[in-house]
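Okay, everyone, thanks for coming. Let me put the structure up and then walk you through a few parts of it.

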Amino acid sequence: MSHLGRWLKRLAPQGLLGRSLLIIIMPLVLLQLVSAYVFYGSHWESVAKRLAKGLAGDIGTIIESLRAFPGEQERSLILSIAANKMELDTRFLPGAILPNQPRGAPSGLLERALTEALDERVQRPYRIDAESLEREVVIRVQLSDGMLEVFAPKKRLFSSTTYVFILWMLGTAMLLFGIATLFMRNQVRSVRKLAVAADRFGKGQDVADFKPEGAQEVRQAAQAFNLMRHRVQRQMQQRTEMLAGVSHDLRTPLTRMKLQLAIMGDMDGRAELDEDVAEMERMVEGYLAFARGEGSEQPEQVDLPALVDEVVTRFRRQGMVIDLHHEGEIVMPLRPDSLARALGNLIGNASRYGGHVWVRVGRRGEAAEVLIDDDGPGIPPDQREEVFKPFTRLETSRNLATGGVGLGLTIARDIVRTHGGDLLLEDSPLGGLRARVRLPL
């Protein structure tokens with residue numbers, strides 16, 4: 001049962017429009033099937049039997065009339081009346097005998113109904129030929145002095161309401177399906193717009209032109225999204241304004257401390273105080289960079305390999321050994337300054353803890369990937385998510401004197417996720433650590 005459920009789930013449409021139409025179409029198809037079953041099972045069969053009995057009754061009347069009036073002149077008159085009043089082209093073949101062959105089983109509903117009617121109302125040997133002629137059924141009946149050959153129009157056994165019913169049934173079904181598709185497409189369009197707006201806002205793009213539309217529930221969701229967007233933007237603005245003040249307040253006393261140390265000249269412990277002040281400045285810059293982010297930068301079309309090349313060139317000028325390889329131009333909407341900062345953090349970490357760094361840029365399906373490999377000590381798999389937490393440092397694998405305040409990877413992942421992608425740490429084939437940056441195209 002589980003295999004059947006998975007199979008049906010794979011066959012089911014994945015989109016909201018397809019599933020909504022399926023919900024509408026399934027009852028409509030079931031209704032059509034039930035209607036067709038009722039029609040063919042009762043109405044059509046009943047009509048076919050009545051028509052067959054009527055034809056068999058006319059043939060029986062002709063036979064009884066021929067037996068009651070056996071004269072040649074009367075026979076011609078009876079056959080003429082059958083042609084004019086019953087639409088039956090009849091011929092009497094004196095001395096003729098039916099072929100001595102077994103009668104085959106009826107091939108369809110009409111032939112079966114005619115067979116039952118002839119058995120009931122004629123009660124003489126007969127043969128039915130419904131295949132030789134396109135518009136007529138040939139019925140041959142054995143009489144005592146010859147054979148009666150009857151050419152009956154097929155329309156006497158077939159009701160045209162069958163085709164009319166099928167056409168109306170299919171026509172109304174297609175009309176309802178078209179109307180349902182039109183209305184459902186309009187409803188799904190508003191859901192798609194909401195999804196696009198949420199995706200753009202999640203990537204830091206402006207969605208000021210988004211307006212709620214569609215059904216009442218979709219409008220409620222859109223209005224809730226707008227309220228959430230305004231709250232998030234207000235919170236980010238308040239945070240930025242607060243941190244601007246904090247930055248000014250913290251920089252001022254640090255500057256005074258540096259001036260005081262410079263005036264004091266050489267003294268015991270001054271080198272340690274200079275290092276402490278410099279470390280405090282780095283910590284303040286790190287805290288502010290983490291909290292401020294790069295939210296004010298607007299996306300623009302950027303060639304990703306060229307951006308990576310600029311970052312790598314900056315590190316090469318510092319004497320670091322970095323191997324770069326890219327697979328051609330990949331132009332996509334990016335925030336170049338913030339992404340360069342994230343890549344700089346990752347390449348800087350790889351250069352600090354590895355002797356050699358390899359950087360690869362390429363297109364993988366619907367995303368662009370940047371792979372940064374080093375041959376350093378790496379990070380244990382059970383601690384790779386831990387290092388993304390703010391202010392986390394792994395003293396067992398990182399030198400405390402060379403690192404920052406534990407915000408580099410946090411800021412890098414935050415920037416990558418702001419672009420709609422993700423940053424993962426994996427085992428490198430070079431023996432160290434691999435940082436995989438995946439950005440949707």
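Predicted model: local features only at pLDDT ≥ 70, side-chain atom pairs only at ≥ 80, totals over all residues.

Four strands make an open sheet, ordered 1-4-3-2, with antiparallel pairing. Who's at the edges? Strand 1, residues 89-94, and strand 2, residues 126-129. Each of those two has a single partner strand, so one side of each has no neighbour in the sheet. If you ignore direction, neighbouring strands here are turned by 15° against each other on average.

Strand 2 is joined to strand 3, residues 136-142, by four bridges, and the two run antiparallel.

Helix 8 covers residues 304-316, so that's 13 residues by the numbering, and from first C-alpha to last it reaches 18 Å, close to the 18 Å you'd expect at 1.5 Å a residue. Which residues in helix 8 are buried? Leu 304, Pro 305, Leu 307, Val 308, Val 311, Val 312 and Phe 315. Look down the axis of helix 8 and those buried residues fall within an arc of 160°, so they line one face of the helix.

Last stop: Asn 226, over in helix 6, residues 216-264. Buried or exposed? Asn 226 is buried, because its relative accessible area of 12% is under the 20% cut-off. Leaving aside residues up to four places away in sequence, Asn 226 touches Phe 210 and Pro 212.

Note on methods:
Residues numbered from 1 in each chain as written. Heavy atoms only, no water. Buried < 20%, exposed > 50% of the residue type's maximum accessible area, 1.4 Å probe, protein only. Contact = heavy atoms within 4.5 Å. Expected span 1.5 Å × (residues − 1). Arc of directions from axis to C-beta. Pairing = 2+ DSSP bridges. Axes fitted to C-alpha atoms, helices over the stretch in contact; angles between N-to-C directions.
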